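Please read them alongside the sequence and the coordinates.

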Amino acid sequence: MRRLLSLAAVLLLSPSFVGAQEEATFDLSEIRKEPTTIGGYLEVRPGIYAPDRNAPYYWLRTFGHNPASPLLQWDSALQLDVKHQAGGTTLFSRTNSNLRHEYRGWSTDTRFYEAYASVRPTQKLTLDMGKKSLRWGKGYAWNPAAFLDRAKDPEDPELALEGITFVGAEYTSAAGGAVKALTVSPLVAPVFSGINDRLGSAGRPLYGLKLYSLVHDTDLDLIAISGGGRGDRYGADFSRNLTPSLEVHGEWGRDTRASRPIVDAAGSVRTAGGSTDAYLMGVRFITPQEITVIAEYYRNNAGYSPAEMRDFFDFTSASRATFEATGDRTAMDRALDLAEGAYGRANAGRSYLYVRASRPDAFGVTQLTPAVMLTMNLDDRTFTLTQEATYKPEGRLELRGQLSILSGARSSDFGAKANDLRADLRVRWFL
Amino acid sequence: MSRPWLCVLALAAVPLSAYAIDGEALLKQVDRNLNPPTYEAYRKIINIEPNGKRREFVMFTVKKDRDKVAMLFLSPATEKGRTTLRLGDNMWLYIPNVGKPVRITSLQSVVGGVFNNADILSVDYSAEYSVERVEDAGAENLLHLKAKNRTVAYDRLRMWVTKKSPQPTKIECVTAAGILVKTLRFKDIKDFGGITRPATVETDSPLQKGYRSTMIFANVKARALKDEVFTLAYMPKLDTLQ
């Protein structure tokens, strides 16, 4: 009898039995809407880096310091979203505050990523004023048509980005027939010191227009940008499902007056200019094993060839040698300036391949998503390979671990980067 | 022909003639009994794992016509603010941090568990399936449904429908090879104020042994909605409809 009672107790208290008996309920207080909502997250991200002390970018980034090896870095961030809705008006702000500790010591930065007012006189029309992130383009890792957006980090393309300040409108018509939807989005962006100054010349506003349509089950965008004292820019993109498990997308952008500095090994800088194109083709598909694969080819004709990048790295090494031998900073300062500009972009080359494969609920663990990403410069065959695992153990917590390995000769795109290996753990608590 | 044989034939003809049910009309009636043509609803999805662990998702849903569905995640915090949109065979997911919609497929699941996107963003059955035949299953009719095209999530459905005020009680989802992939059970008939329908849908799958998912409906009510609500441009603003 005692054995039977013990067995009954074990069965009754076992998680599967308790779960099976727990009633499914829906408390309507869960769906009460408040006029003001607060969201966002608190994040800590410790990281460790194995630096390549002879890599050009290591020297450029750490000039004047002598950090230990390996490098330890501690990042923490608070992204705070505040939204207030009253009738047809929405006020929204997103602030991003960072606190970092690294070999340079402590540093902090807080800025408004977004702060805007949105008015909806009708469900077809929305008027926006303020700072807002546009996120134009269909590409996942790159967006050649996103002329006004800040550059994404291809190794973390889903991060929020700081927006631009503008006045704009969005008019949508959902007519029937072949064109299921049409959205017209014009905008005007002022350019002054401290406001959109990375986009153009002070006092010369930018004018932008995006047309979106859903035609024969295909998303299509046409983009045009003018003003700002820069050349006109045009872009287009599309996205479509070819089969239920296969999506194809493409994006193209043309800058009619692009310019970039090109330095030779001796340090002479010339400017190459003119109309240049960048484009991207990609697919997203799901295998029968539920692995999601994103693959994209990106071509930027305004990027640097392997020979041009080698010249920059050779000049950097020579300027360092000159400084260390004579104390003359002239060449070194020029190298630092170039590294802050076009040469310092995350993907400064011409042809890239990006592949990401991920599988949700892997290994029978719900909310565990391992992934692997490859970003390769197809011209010099150098690459970064990242392994990642994301886990959401409960409703407010997300954990993500990443390990990246970079491969390439020292005067190559990825070989010249400051670190050969990076590992970090990101812990996010959602508000 | 002799009279006894005529009687036998006449008797045999009676149930056949009485059972000449218009399957397509019956399926449309099922759709209308489940949902008004245009409505809003709150739903909770509960995913239960073999170890008893529960994960809950609360969503606000709007639907119009046969094949327009939009949904907003209200909880948990990791998913809050995400929206999904379905227009016919097209589906998109919008994540606030990413800032733009991306295409997703019907066989994926934005919430995990046994329900996939086709189940969560379900459209009228008559929009995706045609009726092959109707069987008399005693107190219920059994509808045999075939997908109208290859983009539909399940190749065939076997749908048990009550004879009085037709509503589904059980649906078996079957692949083209005849493999049962999922069973949906409709329970807890509730009057939502003008709409009387099952408030609970439970599902399990022989392909995911030990996993169960439950969908609970609340506050289902008819609502006039403009077509512009079901566009990519409206996905970031879906919370304004609450």
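1. Arg230(A) counts as partly exposed because its relative accessibility is 34%, where buried means under 20% relative accessible area, exposed over 50%, and partly exposed in between (1.4 Å probe, protein chains only). Its partner in a salt bridge is Asp255(A), with the closest N and O atoms 3.5 Å apart; a salt bridge is a side-chain nitrogen of Lys or Arg within 4 Å of a carboxyl oxygen of Asp or Glu. Asp255(A) lies in strand β11 (residues 246-263) of chain A and Arg230(A) in the loop between β9 and β10 (233-243) of chain A, so the pair ties together parts that are 25 residues apart in sequence. Asp255(A), in turn, counts as buried because its relative accessibility is 13%.

2. On provenance, this is a predicted model, in which local features need pLDDT of at least 70 and side-chain atom pairs count only at pLDDT 80 or more, whereas totals for chains, interfaces and linings use all residues. Residues are numbered from 1 along each chain as its sequence is written, chains are lettered from A and ligands numbered from 1 in the order in which they are written, and side-chain values use heavy atoms, with hydrogens and water left out.

3. Further salt bridges in chain A deserve a look. Asp221(A) pairs with Lys138(A), the closest N and O atoms being 2.8 Å apart, and this pair links distant parts of the chain, with Asp221(A) in strand β9 (residues 218-227) of chain A and Lys138(A) in the loop between β5 and β6 of chain A, 83 residues apart. Both Asp221(A) and Lys138(A) are buried. Arg329(A) and Asp333(A) also meet through their side chains in a salt bridge (2.9 Å, N to O); Arg329(A) is partly exposed because its relative accessible area is 38%, and Asp333(A) is partly exposed because its relative accessibility is 31%.

4. How many salt bridges does the structure hold over all chains? The total is 56. Asp156(A), Arg356(A), Glu388(A), Glu398(A), Arg400(A) and Arg426(A) are linked in a network of such bridges.

5. The loop between β5 (125-132) and β6 (164-173) of chain A also holds Gly137(A), which counts as buried because its relative accessibility is 8%.

6. At the interface, 68 residues from chain A and 57 residues from chain B take part in the contact. The two chains bury about 4,700 Å² between them, with 51% of it on carbon and sulfur atoms; this buried area is the accessible area (1.4 Å probe) that two parts lose on being put together, summed over both. The count of salt bridges between chain A and chain B is 5, and Asp219(A) forms one with Arg103(B), the closest N and O atoms being 2.9 Å apart.

7. Chain A has 5 helices and 18 strands, while chain B has 4 helices and 13 strands; helices (H or I, at least four residues) and strands (E, at least two) are DSSP runs, numbered from the N terminus. Along the principal axes, the C-alpha atoms of chain A fill a box of roughly 90 × 60 × 40 Å, and the C-alpha trace of chain B spans about 80 × 45 × 35 Å. Of the 431 residues of chain A, 45% count as buried, whereas buried residues make up 57% of the 242 residues in chain B. Among contacts with a separation of 6 or more, residues 24 or more positions apart account for 54% in chain A and for 46% in chain B.

8. Within chain B, Thr183(B) sits in strand β11 (residues 180-191) and counts as buried because its relative accessibility is 5%. Not counting residues up to four places away in sequence, Thr183(B) touches Lys170(B), Ile171(B), Glu172(B), Glu202(B), Thr203(B) and Asp204(B).

Conventions: Contact = heavy atoms within 4.5 Å.
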